[in-house]
Amino acid sequence: LRQLCTSLLRQSSVVKYGKCTSILELKLTVERQSVRVEPKGKAIPDEKQIKELGLAAQNAHLYVRDLGPQIPWKTVFLLEYAGPLLIYPLFYIRPGFIYGEGAAERPYHLAVTYAFICWSIHYAKRLFETEFIHRFSNGTMPRFNLVKNCSYYWGFAAFVAYFVNHPAYHPPYFGDYQVYLGLVGFAIAEFGNLSIHILLRNLRPPGTRERRIPRPDGNPMSLLFNFVSCPNYTYEALSWLFFTIMVQSLPSEFWELHHFMSCSN
């Protein structure tokens, strides 16, 4: 540990102000600084006042950890979701390029076409929500996480698309009834997910980190708040469950289970 800079702060100052005053000396942007009372302590929220930290009135020490290069959360989400929206159609629109000659001559089953439409709608909705609905409590994340996050979404998009659009794909066991059951269930779950995201957005005023307690509103889809704490994840899991029912594909089921476990953590 070494002293990097000295700042004069009022007791009423917030931690973020201290970050701003030390930018020139530390050569670190506000987003890269994690301020702590102890070297291995928890990061202090930016809106916390100095007087709330229990420090000495003079010659007090705070510790700064460099979080590394940062990237906006919104940018990460846009890149994560743009990949699946672009990758999946390659397998559906250009099967000859993926599977070889003759693949384009085989007609698609109804389930395959609906799967392509549902997949595209889901990730188009995700991009729309990221741009116009979501309000992020944290501005940035470490840049190295971008590769990990994108690899997850892009890799699974190719994995699911390869088998669902494969010329050897077998239609669902119960035929069109199973396809339409999955399609209707997927549509309802997607609408439920969108409804919850809009409700959560309205609970956080613009430019703040305030988190109000969510409760059902006039939308019947929000009644799920009476049973689970994060109904947006519940609807997300249901979307992929019904997608899997519609296509009856093992890779899709694997994606659904893995995604559900990721949302639960």
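**Note on a predicted helical model**

1. In this protein, 75% of the contacts with a separation of 6 or more are accounted for by residues 24 or more positions apart. The model is a predicted one, and of its 265 residues 38% count as buried. The protein has 9 helices and 4 strands, and read along the sequence these follow the pattern α-α-β-β-β-α-α-α-β-α-α-α-α.

2. The largest pocket deserves attention from anyone who intends to work with the coordinates. Its volume is about 1,300 Å³, and 40 residues line it, with Phe-77, His-134, His-197, Asn-232 and Tyr-233 lying nearest its centre. By residue class, the lining of the largest pocket divides into 17 nonpolar, 13 polar and 10 charged residues. At least two lining residues are supplied by each of helix 3 (73-93), helix 5 (110-132), helix 6, helix 7 (175-202), helix 8 (231-247) and helix 9 (250-264).

3. Helix 6 covers residues 145-164, and its 20 residues reach 29 Å from the first C-alpha to the last, which is close to the 28 Å expected at 1.5 Å a residue. Its buried residues are Asn-145, Leu-146, Asn-149, Cys-150, Tyr-152, Tyr-153, Phe-156, Ala-157, Val-160, Ala-161 and Val-164.

4. Leu-146, which has its place in helix 6, is classed as buried because its relative accessible area is 18%, under the 20% cut-off. Once the neighbours within four places in sequence are left aside, Leu-146 is in contact with Ile-71, Val-76 and Leu-79. The C-alpha atoms of Leu-146 and Phe-77 are separated by 9.2 Å, although the two residues stand 69 residues apart along the chain, and Phe-77 is also one of the residues nearest the centre of the largest pocket.

5. Helix 8 has 17 residues and reaches 24 Å from its first C-alpha to its last, close to the 24 Å expected at 1.5 Å a residue. Buried within helix 8 are Pro-231, Asn-232, Tyr-235, Glu-236, Ala-237, Ser-239, Trp-240, Phe-243, Thr-244, Met-246 and Val-247.

6. Which residues does Asn-193 touch, not counting those up to four places away in sequence? They are Lys-125, Glu-129, Asn-232, Tyr-235 and Glu-236. Asn-193 itself is found in helix 7, and it counts as buried because its relative accessibility is 1%, under the 20% cut-off. Between Asn-193 and Glu-236 the C-alpha to C-alpha distance is 6.2 Å, while in sequence the two are 43 residues apart. Of the residues touched, Asn-232 also belongs to the group nearest the centre of the largest pocket.

7. Cys-118 lies in helix 5 and is counted as buried because its relative accessibility is 4%. Cys-230, by contrast, has 34% relative accessibility and therefore counts as partly exposed. Cys-118 and Ala-187 are 8.2 Å apart in space, C-alpha to C-alpha, and 69 residues apart in sequence.

8. Helix 8 is followed by Gln-248, whose place is in the loop between helix 8 and helix 9. The phi of Gln-248 is near 50°, a positive value in a residue other than glycine. Gln-248 is partly exposed, because its relative accessible area of 38% falls between the 20% and 50% cut-offs.

9. Is Ser-249 buried or exposed? At 9% relative accessibility it is under the 20% cut-off and so counts as buried. Ser-249 lies in the loop between helix 8 and helix 9. Leaving aside its neighbours within four places in sequence, Ser-249 is in contact with Phe-163, Val-164 and Thr-244.

Notes. Residues numbered from 1 in each chain as written. Predicted model: local features only at pLDDT ≥ 70, side-chain atom pairs only at ≥ 80, totals over all residues. Heavy atoms only, no water. Buried < 20%, exposed > 50% of the residue type's maximum accessible area, 1.4 Å probe, protein only. Expected span 1.5 Å × (residues − 1). 1 Å grid on protein atoms, 1.4 Å probe; cavity = no way out; pocket = protein on both sides within 12 Å on 5 of 7 lines; lining within 4 Å. Points joined across faces, edges and corners; volume = space filled by probe spheres on them. Nonpolar A, V, L, I, M, F, W, Y, C, P; charged D, E, K, R; others polar. Contact = heavy atoms within 4.5 Å.
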